[in-house]
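Dear colleague,

I am handing over the structure that we talked about, and my notes on it follow below. Please read them with the model open beside you.

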Amino acid sequence: QVNVVQSGGALVQAGGSLRLSCAASGRTIITYTMAWFRQAPGKEREFTAAINWNGASTYYLDSVKGRFTISRGNVKNTVYLQMNSLKPEDTAVYYCAVGGSLDGLGYRYWGQGTQVTVSS
């Protein structure tokens, strides 16, 4: 069993920054790829960023490249999403996911979701 707990959502103004955090617990979690997805109102869930188990490989959605940074903590079962230069179109519920691939497939364990709202 893997438990995923996330935090950090908020209401921010356009151009601002926010950091999301996610911690996973469970056996062998240290070897899992971890990722962030987001879902805006009325839209499908979108694979946003991912990082492999040792941080050597990452993936970013084109629209967030250069603005978002995914990283793993010193304790490898944690992952962060630093979001800078936020835009209103970044408004969504953000989900942390664990145990899939760098191309967004096969994620088995999910966090509860956290709301990020960017005002113009």
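Asp90 and Arg67 form a salt bridge whose closest N and O atoms are 2.7 Å apart, a salt bridge being a side-chain nitrogen of Lys or Arg within 4 Å of a carboxyl oxygen of Asp or Glu. Because Asp90 lies in the loop between β8 and β9 and Arg67 in the loop between β6 and β7 (68-72), the pair ties together parts that are 23 residues apart in sequence. Helices (H or I, at least four residues) and strands (E, at least two) are DSSP runs, numbered from the N terminus.

This is a predicted model, in which local features need pLDDT of at least 70 and side-chain atom pairs count only at pLDDT 80 or more, while totals for chains, interfaces and linings use all residues. Residues are numbered from 1 along each chain as its sequence is written, and side-chain values use heavy atoms, with hydrogens and water left out.

Asp90 also forms a salt bridge with Arg38, where the closest N and O atoms are 3.0 Å apart. Arg38 lies in strand β4 and Asp90 in the loop between β8 (78-83) and β9 (92-100), so this pair connects parts that are 52 residues apart in sequence.

As for accessibility, Asp90 is buried at a relative accessible area of 1%, as is Arg38 at 6%, whereas Glu46 is partly exposed at 32%; buried means under 20%, exposed over 50%, and partly exposed in between (1.4 Å probe, protein chains only).
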